[in-house]
Every structure is written in C-alpha cells, then in structure tokens.
Amino acid sequence: MTTDTSYIKHFEQKLSNSQLTLENIWERLNESKVFVQYEPLKQTVISKLRDAEELVCICSSNKIPKEILQEIPKLSKRGVRVYILTSSYEEFYQDFISEKAILRVDTNVTGFMIMIDPKPKLETKSGYLAGANGLDVEGGLGYLGAFNGEQLKEAYHYFIWRFWNASEEYRGYREANTASLRSPFDIYPLIDPDSFFYNGWEQEYLSERIKSVIESANFELHIGISNYREYNDLIPLVVSKARLGVKVSVYTDLAIDHSFIKEFEDVEGIQFYSMKSFDSFFVLADQQKGILLSGNQSKQYETGIALSPKGVGDLRSRLKASKSELWIFRNQTTLDQVSGSKVIFEGFKQNLEEKNIKESEVVDYGTIEVANLRNYFEGIIKPELNQDKVLARTIIHKWRISPKMLDPKAKIDPLYAKWEKEKDKFIKYLEQVVEYAEMVSNERKTVFASLLGRFFQKDDSTDIDQIKKELEAALSEIKLGVYNWQETKTLVETIKSYSNSLLQQQFELHEKQEYYEKKELWEKENKELSKERKQLDVAIDQKKEEIALIESQLTEVGPEAAKHLKELEKEIMHLEEEIVTTELENEELIYFKQIEQKILDICADLDDRIKKFGSLKKKEKRNYYNNKVKPGLIENFEDLGEIELFNQMMENNISDSKEIMKYIMKELATNSKFRVDTDEDQEAILIQYEQNKTEKIGLENKVKAIQQQNQFGKKDVQKKLQQTQKELNKLEHELQKVEKKQERIGNEFSFTPSKRQDFKIPFSTNFSLNFPNEDLPKTGTLYHIGNTRQLAIKKQEEIAIGELESDRLNAELVLS
Amino acid sequence: MRLTLRRKGQVKSFESILTIESMVSNRQDIVELVKFIKTNGGLANETLLQSKMGEGVPKIYISGILNHLKSIGLLNPNGELSTRGSRIASTGLVPVEGRGQFAIYFIEDEILNHLVLYHERSKNFNKSGGTKLDSDPFVGNSYRSVIDSAEFKIKHFESKNQSAYLNQDSGIYELVWEIDVDQTVHSKIYLSGELKSVSRNILRYRSHELEGMNDRTTSKLVYKLIEDHKQEGMRWNDVTECLEVPLDGLSKEQYENLSLSLNIPSLSIKGLGEFEATKIHSIAIGPKHDQDAKKWILLLVEKFLENGYKSSHEILGYLDELRQHRAFINYQYILDTIKIDELAREVKERKNYNSYWNIQAPLDLFMDVDERFIVRNRRVDITPGKELSMMELVQEIVHVEKPETLVFSSKFVKNPAQIKKFILFVESFRSKGVKDVLLVTKEPVELNDNTIQLKLYDDVYSGVIQPHDRYFAYQSEGGWHRFKMTAELDQCRYRSLLNVDIHTKGVWQDISFMEVTPEIFPVKLNDKLSEIEGVHHL
C-alpha cells in the first residue's frame with residue numbers, strides 16, 4: 001500500500017439532533033443545584049450509642065460498619081451490654097464482639113434498628129429505625145426514624161422475640177453450641193402491634209398498614225420502597241388513587257430492577273424518581289400520614305413504624321432538598337426536551353447505562369472507497385447519514401472518499417509484451433526485406449557493371465528502389481510510433497509480392513550471369529580435351545607395336561617340345577570328344593550318379609560330425625548342431641533340390657541333436673529316390689566315363705609342365721612385356737578419361753540453369769503477424785492482477801477516454 | 001464412698017482318710033423321682049410311686065425305694081419331701097458320699113475363718129509323718145469348690161485321733177473386699193489365687209465371689225478410715241457425713257463434683273486382719289467455713305451457667321438444690337442472701353464470659369408478658385413473705401367460678417416437696433368441683449393418685465420448643481381460663497411437709513398467677529384443651 005494519502009478527499013456536514021427520540025430514560029433534575037448533605041446516619045447512630053447506660057440492641061440486615069463496631073469495646077468498658085441481631089455473620093465482627101457482645105443471626109432480620117436502654121426501668125430510652133442500607137451509603141436521604149414510647153416497647157418486644165429465636169450465635173471467642181441457643185424462658189411473638197409493624201409468615205401487619213396509609217391519601221402520595229415487586233399487590237391500589245387525581249411520586253434506587261414501572265404504564269399522574277443511594281423507605285400520604293419502612297429485599301419480616309406529622313414533614317423536606325440528586329423517568333421524550341447533561345437509559349432487568357449528552361458529536365463514517373473513478377473525481381459520493389443513536393445535540397458527520405487505486409501487486413498487462421513482440425518481429429522482417437532489396441539492388445549493379453560492356457541489357461532497377469523506399473518509410477513510421485497498424489496486413493502482402501519480384505529479378509540476374517560464365521568455360525575445356533586426345537591416340541599406337549614385338553620373342557619354343565605339345569593337344573581333344581559324347585548319351589545316368597555321390601558325401605560328413613559330437617560338452621552340442629550342422633545340411637539339401645524332404649524330416653521333432661543327425665543319415669541311406677539301379681552295361685559306361693575324365697586331366701597337366709619348362713631363361717622378355725603392357729593400359733585408361741570428359745561436356749554447348757532452390761529469399765516469406773485482438777489502451781496503463789485487469793490513469797482529464805478504454809479492455813479503471 | 005480392701009495369704013492342705021459328701025449331677029434316677037414327687041404334691045407314698053413306676057412293679061420294691069429315700073434324708077419319715085429333697089429337685093444335684101484318702105485345701109483367714117477351697121483323692125498318704133489336726137472347724141460345713149463350684153461337705157474323719165499330714169505351703173489366695181457405702185447392697189468379698197495340687201500341679205482360680213459372707217456395717221468402718229487418714233485441715237462431719245475441706249488446694253474436678261479420694265496405706269484392722277494400701281473414692285466434701293462456702297457456691301453456679309442460657313428461675317432452682325446438698329446444709333443462710341444480678345457481676349469479674357452472658361442476656365432480654373394479653377382482674381400477685389394456704393390461693397384464682405377440669409403444665413413436678421404442693425393445689429381445685437385433672441410434666445412421676453392423668457412434655461410438646469414457664473387452665477361452664485405462673489408452686493414453703501393439708505398456711509416467695517389470652521398460651525397445650533373439650537361435649 002502506498003502511504004500517500006493525498007488522493008483522499010475529506011467531507012463534513014453539520015446537522016441538528018434535537019428531535020432525537022429517547023425512550024425509557026432517567027433524566028437528571030436540577031443538576032446544577034447543590035445537594036444538601038445530611039449528617040451520615042453512621043455518625044448519628046454513633047452519637048446515640050454514646051448515650052447508652054446499660055443496654056444496646058442493634059438489629060441490622062446489612063453488614064455492620066466498622067465505625068459502629070468500634071463503639072462496642074467502649075460501651076463494654078462502661079458496662080453496657082450489646083446485643084446484635086444480624087442476617088449473617090462476618091468474620092471481622094469477632095474482634096469487636098469478643099467478651100463484649102452477643103451476636104445472633106436471624107436470616108429474617110430486616111433493615112437497621114437500634115435501641116438504647118429500651119427496658120422500662122432504665123433511664124435513657126430511645127430507638128431508631130432506618131433503611132437497611134442506611135449505614136452503607138452516603139448521599140442518600142439519611143433519615144433516622146425515632147421511636148416513640150409505644151414503638152420502642154413493641155420494637156423491643158420484637159427484638160427479644162427475634163433474638164431468642166435466632167438460629168446461630170456468636171460471642172467472638174467461640175461459637176456457641178446449638179443446645180445453648182435456646183431461650184431460657186417462653187418467647188411470645190409481637191401480636192397485633194399498635195405502632196411497630198412487621199410482615200411475618202402468618203401476619204402482614206405492615207402491608208395492611210401501608211395499604212391504609214395509601215388509601216388515606218387525597219392529594220398526593222410519596223412512595224419509596226426497596227422492592228416494588230414484593231409489594232405488587234399495592235400497585236392496583238396506587239393506580240386507582242392516581243386515577244382519582246392523587247399525585248403519586250414513586251422513588252426507587254437506580255440500581256434495582258425497575259420493571260415494575262411497566263405496571264403503571266398508561267396511568268397519568270404517577271411520576272417515577274430514582275436516586276443513586278436511596279436509603280430511606282416510606283409511604284407518605286398528604287402532609288400528615290406516613291409510615292417509615294426498614295427496606296428489605298423481601299417484604300417478609302420487613303418492619304416499619306408510623307410516622308408522626310413532624311416525621312412526614314421531615315421526610316418531605318428531605319425529599320425536596322434532594323431534588324438535585326433525583327432522576328425522573330421519561331418513557332418517551334426528545335433530546336431538546338432534556339435540559340440536563342446526562343441521561344440514564346433504563347434497561348429493565350439489564351444494566352443501566354448512564355450517558356452524557358454532548359453538545360456535539362462527530363460521526364465519522366470512515367473512508368469510502370469509490371469504485372467509480374468519475375464519482376471520485378466529481379466527489380458526489382456520500383454515506384447514509386444516521387444520528388439516531390447519537391446522544392448529542394449537534395452531529396458533525398464526517399467522511400472521506402478514496403478512489404479505487406491501482407493494486408500495488410498489479411503487473412503490466414502482457415498485452416504490451418505481445419504487441420512489442422509482434423512489432424519487433426515485424427520490424428525485423430521489414431528490415432530483412434529492405435536489406436534483401438538492398439542486396440538485390442547491389443547485385444544488379446555489380447552484374448550490370450561487369451556485363452554491361454559486352455551485352456546490352458535493360459535495367460529495371462527502379463522497381464527495387466521503389467520497394468525499398470516504400471518499406472523504409474513504413475519502418476521509420478513504426479519506429480516513430482506513428483505507423484497505422486491497420487495497414488500491416490496489406491503491407492505484409494505487398495512485401496510478399498515484392499519479395500517474389502526481388503527473387504525473380506535476382507534469379508534472372510544470376511541466370512544471365514551463369515549462362516555467360518558457363519559458355520565461356522565450356523569452350524575453353526573442349527579445346528583442351530581435343531588436343532589431349534590426339535596426343536594419346538598416337539602414344540597408344542606406338543605401344544601396341546612394341547608389345548607385338550615382345551610377344552613374338554616370348555612364344556618362341558624348341559622344335560621337340562613343340563611337337564610333343566601338338567600331340568598332347570590332339571589327345572586331349574580326342575578325350576574331350578568322348579567325354580562329351582558319353583555325357584550326351586547317358587545324361588540321366590550320370591546325373592543320378594552324381595546325386596548318389598552327393599548323398600554319400602552328406603552321410604560321410606554326418607558320420608564325422610556324430611563322431612565329433614562325443615567330444616563336445618552337452619551345452620556346446622546344441623550350438624554346434626544349430627550353427628554348424630544344420631546350415632550345412634540345409635545347403636546340401638537345397639543343392640539337391642530336396643529341401644522339402646529336409647523339412648519333412650525336421651517335422652519329427654527329435655530333440656536330441658545327435659539323434660536328428662542319425663535319423664537324417666538313416667533316411668538318406670534308405671531313401672530309394674537316391675538309389676540308382678544300374679545294369680552291367682551302364683556300369684561299364686560309367687567306369688569308362690570316369691576313366692576318360694581322369695585321363696584328360698593327366699594330359700592337361702603334362703601340357704602345363706612342358707610349357708613351363710619352355711619359359712625358363714626368358715624372364716627379361718617376360719618382364720619387358722609386362723612393363724609395356726602396363727604402359728599401354730595406362731595410356732588407354734587416360735584416353736578413356738579424356739573421352740569421357742569430352743563426352744560429358746558434349747559436342748555442342750548447352751545451358752542448363754542451376755536449380756531454382758539455389759536461389760532463395762534469405763528469409764522466410766511465409767511471414768505472418770499475430771497481433772493481439774486488442775489494441776493497447778489509448779490512455780493510461782493496463783495492468784493485471786490475477787485474472788483482473790486494471791487500467792490505471794493519473795489525471796481527471798483521462799477519465800473520458802479511460803472509461804471507454806477500460807470498457808473495451810474489460811478492465812477496472814483505477815487511479816495510479 | 002467406695003473402698004476396696006485386699007490381702008494375700010497362704011493356702012494350706014492336709015491329707016486324711018475322710019468321708020466326703022459331694023453333690024453329683026449323674027443321679028438322674030433320683031432327681032427324676034424327687035421331681036416327680038415335688039410336682040405331685042410333695043408327699044410320697046406307695047400309690048404315688050406305683051403310678052410313676054407302673055402296675056408291674058412289685059410293692060416290695062416300691063416300699064424299698066421309699067425307705068431308701070427316707071434313709072438318705074430326701075424324704076421326711078412321714079413321706080414329705082425334705083428341704084434337702086426339694087433342693088435336689090431344683091438343682092438336679094444329688095449328695096453322694098465317698099470314703100477314702102483325700103487331700104483337703106483350706107485357708108485360715110480372720111474374716112473367712114477356716115475355709116475349705118477344694119478337695120481331691122490322694123494316694124501318697126504318709127501315715128507316719130502326720131500331725132494331729134483339730135477336725136472341728138471342718139466337719140459338717142458345706143463348701144463350694146473354687147475350681148469347679150461343686151458343693152461338698154466333710155462328713156467325718158475316719159481315724160479317732162484325726163491325725164493328718166499337714167502342708168503349710170499349698171498355694172496362695174487373694175481376698176478382695178469391695179465396699180460401697182452409698183449403695184444399699186451388701187459389700188462383696190472375692191477370692192482368687194492358685195493351689196499346688198498333689199495330682200495336677202498348679203490350679204488357678206479367679207474372682208470367686210463368696211456368698212453370704214457379709215452382714216457387717218461397713219459405713220462405720222469407712223468413716224473411721226476417713227477419720228484416721230484424712231489430710232491435715234480436713235474435718236469429718238459425722239452429722240452431714242461430709243468431709244469438710246479447705247477450698248484452696250482442691251482440684252476443679254473435686255470442687256465441682258463435691259467429692260475427693262483418699263489414699264489409705266497398708267493397715268491392720270482389729271478383728272479383720274491386715275490389708276494392702278488402698279484408696280477411698282468419692283468421699284463427699286463440703287466447705288469448712290462460710291467464706292469458702294460462698295466462694296464454692298459461686299464456682300458451682302459458674303459451672304452451672306456454662307451450659308446454655310439460664311433464666312433467673314432456673315438459677316434460683318439451682319441455688320435451692322445446693323441448699324439441700326449436705327455440703328451446704330450448714331450454709332443455707334449464705335445461699336438465701338445471694339441475688340442474681342450480684343451473681344452476674346461476680347461471674348463477669350471472674351472473666352468467665354461464657355457463664356456471664358448465659359446469666360446476663362436472659363436478664364437483659366427478658367420477655368414479660370404483654371399487659372394486653374393478661375385478663376384484667378384475673379391476676380393474683382403474691383408478695384414475698386405472704387402467708388397463704390393452698391385453698392386460699394385457689395379461691396383467689398377461681399373466685400366464683402365452678403371449675404370442672406384442671407390442666408397443669410410444669411417441668412418441675414419432680415421432687416417429693418414439689419409433688420406434695422401440686423397435690424395440695426389439685427385437692428384445693430377438687431374441693432371447688434374439679435373432677436378431671438391432667439398433669440403435663442417432664443418426667444414420669446409417682447403421684448399416688450390414680451385420678452390424675454399424666455402426660456409427658458415430649459408427647460404433648462413434640463415438634464415445638466417446650467415451654468419453660470408453668471401454665472394451667474381450668475374449664476368452667478364450657479369456657480377455659482388459661483393461667484401463666486411466674487414461678488413454681490414450690491415458692492410456697494411449709495414449716496414441715498408432714499401433716500400439711502389444703503388449709504395449712506405456707507410462706508410464699510414472689511409469684512404471680514395471671515390469666516392470659518389464648519394467643520400466648522402454649523399452642524400445643526391449647527390443642528390439648530380443645531381435645532379435652534371435645535371429649536366432654538360428647
């Protein structure tokens with residue numbers, strides 16, 4: 001990716017959000033007002049504890065704070081007994097209560113209650129009721145409801161009843177055993193209380209009291225309960241009061257489940273308020289009546305006391321003073337209706353979400369990549385603006401657009417390379433043609449220059465120059481890049497015809513040149529050969545005469561020998577006649593006799609072979625037979641014209657070579673075909689015939705012997721003869737050579753031009769160009785990445801052509 | 001007070017020609033016959049025996065059998081089964097006499113005198129080496145063999161001069177004497193040891209209890225031992241039968257249990273002989289003077305308080321128990337002055353916080369009955385010291401009502417005084433017209449009055465916390481009057497419990513009788529009332 005972001009365009013649009021609809025929200029009331037901070041309950045309680053003289057009873061469903069626990073040792077030191085009733089035991093209590101207090105656990109304990117010296121006989125008698133979380137939180141209403149005498153008495157009774165009924169006990173130093181937990185006297189529940197109310201399993205004194213207070217309201221109701229779901233039977237009552245025109249204000253802790261609000265939907269006159277540390281629980285009717293509750297997660301065992309008009313007034317004023325800490329519930333409103341800077345979204349059973357209302361808020365839609373480059377250049381792309389979810393009075397919408405950029409991994413499209421390759425090919429071709437034209441042109445000049453003096457020839461060189469000119473023009477156009485490639489096809493065709501024309505010219509030129517050259521050469525050769533022949537003829541004649549002379553010297557013999565020779569020749573002649581006569585007369589007989597002889601020869605040969613077989617190793621036997629014996633046999637049988645017979649014999653398939661030979665021998669010896677049955681006469685004829693032949697050979701040998709004898713002493717002559725004969729042969733041979741030469745060049749000059757293929761265009765005329773189907777882009781650069789093409793342009797000016805070209809090339813138009 | 005005395009001694013033996021009667025179990029014929037006689041009236045005659053033995057048996061045999069039974073003393077001369085005969089019938093053992101040379105093993109002990117332990121026949125009777133033996137202690141007495149428990153008796157010695165070969169070293173014995181003064185049963189004596197038998201080497205015998213050996217007054221012996229061996233500073237009080245000891249130096253266990261043990265060195269008692277060193281256990285102890293008494297009481301209360309919360313009533317009850325204890329019988333005046341809040345303070349000062357809270361919390365968190373549940377004009381408050389007879393009290397309670405049924409519920413109708421006062425209370429109601437009475441209490445109690453129905457707490461109050469307080473209710477004209485009492489009836493003290501009746505005046509401690517509404521009356525007791533009501537309505 002390129003880091004250059006200069007191509008990104010920034011946009012901004014401001015819109016008001018005052019009509020944003022907000023549903024189920026808590027709106028902060030009067031946030032600017034300073035909240036009146038009351039003395040923390042903890043502190044109040046501690047100061048009350050310090051008044052104790054003998055006895056302190058503490059009842060708390062929440063964890064007792066250390067500040068309170070730290071008072072216990074001080075109290076103990078003064079002899080004050082401390083009795084604590086809690087809903088659960090915490091390990092850290094141990095150090096504070098050890099030897100100084102008794103702590104009992106009653107899981108039903110509710111709220112926070114403290115009694116100082118509550119026994120009738122004791123001097124300081126006081127008691128207080130507060131919300132269960134009263135000691136834990138700060139910034140709540142912090143209201144501590146004081147008991148009157150009657151309430152204290154009943155509360156004390158209630159405490160004793162719950163205390164002795166508790167299920168666990170802790171004294172700090174050891175855990176009390178269960179047996180010792182039992183109260184030592186009978187315990188009676190607080191029955192039909194007059195002023196201290198509670199809800200038990202059987203009796204709901206408190207709920208009844210609350211109902212009666214609500215029912216007494218004529219103008220307004222302030223209700224703050226820790227768990228509205230537990231008291232949901234009160235809801236219809238409250239609703240009916242609201243319908244009668246009683247103004248109802250319901251107070252809750254922000255953290256609790258507010259789904260009960262839905263129960264009041266569509267009822268006018270009920271307003272809901274929330275507080276972050278809601279610590280006082282009450283029902284106030286008008287200015288006079290009221291009940292203070294201990295506040296607990298379960299209404300079971302919740303306790304409460306009736307409030308005096310003064311108490312009602314106190315609580316009301318505290319509520320008023322805490323207005324700045326209150327959040328009011330709106331189930332639907334618009335942003336311009338909300339004056340504060342914060343709202344809390346009510347999730348009903350889900351978490352609450354506190355959010356600040358901002359004066360302005362930037363909504364950034366990020367960078368939008370515009371696929372269409374024209375849209376990018378013209379800047380008309382805009383995100384869908386949405387400010388529904390944005391809690392700000394003014395919304396600044398921001399976005400950026402970026403063009404589709406050339407992919408950095410993209411590579412130059414092969415189209416360029418293809419074009420380049422074809423172009424180069426074409427240029428090379430053109431150059432070759434031009435070069436050829438040049439060559440032909442030069443050749444012509446040379447030929448004409450050499451021959452011009454002797455022959456008159458028409459010079460049509462203007463054609464070649466024209467071709468050259470034309471091609472060079474095309475070349476320079478290509479090189480300049482101005483060539484119109486549409487013309488390529490025509491040009492190629494033209495070049496073909498030009499090339500042929502050039503070749504024709506070249507050929508003709510060469511033929512002419514050759515004709516003249518050859519004719520001159522023939523004439524010269526012919527002259528020389530004729531001269532040479534004449535000389536040889538003379539030499540041969542001389543040599544022949546010389547040989548005849550030497551031969552006559554050599555054949556000269558003595559007279560005796562000559563005579564003897566003559567006689568011998570005569571006898572040989574005679575024998576010859578007889579032999580021929582016999583052969584003619586007994587042709588068949590002699591023939592068969594010869595066959596017979598041949599069979600015998602074969603048998604004898606085989607017999608030798610068989611004997612030899614014994615000395616061979618077993619392996620060699622077969623080879624010997626196959627390589628030596630069998631071919632011989634086949635040859636002999638072919639000679640006899642009896643190869644058929646041999647083949648028949650072979651059909652017997654005798655595997656052992658020796659046996660085959662024996663078999664053949666036997667077959668041949670017993671075959672009647674090769675037997676000649678001769679009578680006596682015939683026998684006699686044959687004997688005579690053989691004798692004649694033998695005799696003839698003997699005579700011939702005699703002749704040879706005489707002749708050899710004659711030649712002794714004539715060696716020089718003989719040698720001379722041989723020498724001379726050799727010389728003659730040589731001369732005759734030379735003559736033959738000359739004659740052959742002469743024969744070859746012929747009597748007359750005839751011109752046969754050289755074969756055409758000898759003259760070729762020095763390049764392939766079968767030239768074709770394989771230009772890509774697509775033209776190169778007219779603007780920008782074509783890239784490809786994978787199978788995708790991108791046509792990259794650089795400027796807005798290129799956009800119009802770029803669009804057409806990218807369309808043509810099926811490429812994405814991108815910016816580079 | 002428990003004590004175990006022990007000593008060891010030598011077993012002796014002699015050999016002599018004797019007649020010994022042994023009880024044997026192999027005479028089933030006689031046993032059967034005797035049993036038959038016993039089951040058929042115990043009087044044997046010929047007809048009875050004939051019926052047993054069959055008609056075929058000649059009469060002469062029958063009379064022979066009868067005579068034989070008489071001669072061996074199983075039948076009296078008149079044919080009645082003798083005591084001896086009866087014993088055979090029940091034990092199945094028949095006395096059989098045997099004469100011969102016997103070796104007799106015996107001991108001479110100051111408590112047991114001459115006691116024969118065992119006998120066996122012997123062969124090597126050495127006539128010459130015999131010494132003269134006084135046969136009197138042995139002849140005619142029954143003994144039980146320590147080896148096989150068989151009973152036997154030396155009938156008489158054969159020779160006139162009764163000489164026998166005496167062996168001084170024929171084994172050892174150990175005597176164990178167990179005394180428990182607090183138990184009503186007699187003390188027990190056991191024997192064990194070994195015999196050097198002539199025939200079978202060593203025979204061992206163990207813990208053989210000797211019956212009928214003891215009618216002695218052992219308590220005096222024990223008291224004397226305590227008196228003789230008590231430590232310095234201790235004083236034996238014969239009246240209270242209690243060892244008065246200084247509190248200092250007592251172990252926690254000792255002062256809490258009000259008892260200790262004393263070590264006794266080996267000793268010799270006149271008439272009883274010598275004993276090994278031993279220990280007297282569980283000797284009742286008490287304070288020696290009033291300072292100790294007060295301290296001691298405080299320690300005991302502290303201990304009493306350790307286990308669970310105690311109401312003032314329970315504490316007062318406990319103090320009352322101590323008043324009756326022999327250890328404090330002389331210090332009742334101290335107990336009378338003790339106040340509960342004072343006790344709480346003292347326990348706290350002693351840093352026994354556990355006990356402290358068990359007394360303090362019920363004081364601080366005491367639940368009084370709400371006035372609203374007390375029926376006006378139906379409340380009888382008795383100030384301490386007031387003298388009032390039971391009848392007068394009941395008159396106050398019932399006014400003009402005519403009670404028919406009385407139901408009374410209290411844990412403490414246990415001791416004779418409580419029972420007596422309850423009976424007086426019931427009798428007073430009876431004189432007002434009450435017919436049926438139901439008592440609900442903790443433990444079964446003998447009232448000697450069949451008309452009072454008794455139910456137990458565990459049955460009536462099953463499944464709920466049982467009430468501590470005392471309640472009663474009476475029915476009059478179909479309606480129930482329910483009362484709660486702030487204390488037990490034993491708040492009334494009579495000078496003597498003997499010869500008291502409903503008109504005898506007693507001195508009362510602080511108590512109130514309040515009629516209460518059904519809401520605070522125990523639920524289960526309310527159920528009981530409805531149940532009774534239902535029955536009556538039928």
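Two exercises with worked solutions follow.

This is a predicted model, where local features need pLDDT of at least 70, side-chain atom pairs count only at pLDDT 80 or more, and totals for chains, interfaces and linings use all residues. Residues are numbered from 1 along each chain as its sequence is written, chains are lettered from A and ligands numbered from 1 in the order in which they are written, and side-chain values use heavy atoms, with hydrogens and water left out.

**Exercise 1.** Describe the interface of chain A and chain B.

Step 1: start with the area. The two chains bury about 3000 Å² between them, 56% of it on carbon and sulfur atoms; buried area is the accessible area (1.4 Å probe) lost on putting two parts together, summed over both.

Step 2: F185(A), D186(A) and Y188(A) supply 22% of the area that chain A buries against chain B, more than any other three residues.

Step 3: look for charge pairing. There is 1 salt bridge between the chains, defined as a side-chain nitrogen of Lys or Arg within 4 Å of a carboxyl oxygen of Asp or Glu. R81(A) and D364(B) form a salt bridge through their side chains, at 2.6 Å from N to O.

**Exercise 2.** Decide whether chain A is spread out or a compact globule.

Step 1: take the box. Along the principal axes, the C-alpha atoms of chain A fill roughly 210 × 95 × 50 Å.

Step 2: count the elements. Chain A has 20 helices and 25 strands (DSSP runs: H or I, at least four residues; E, at least two).

How values were computed. Rg over C-alpha atoms; globule rule 2.2 N^0.38 Å.
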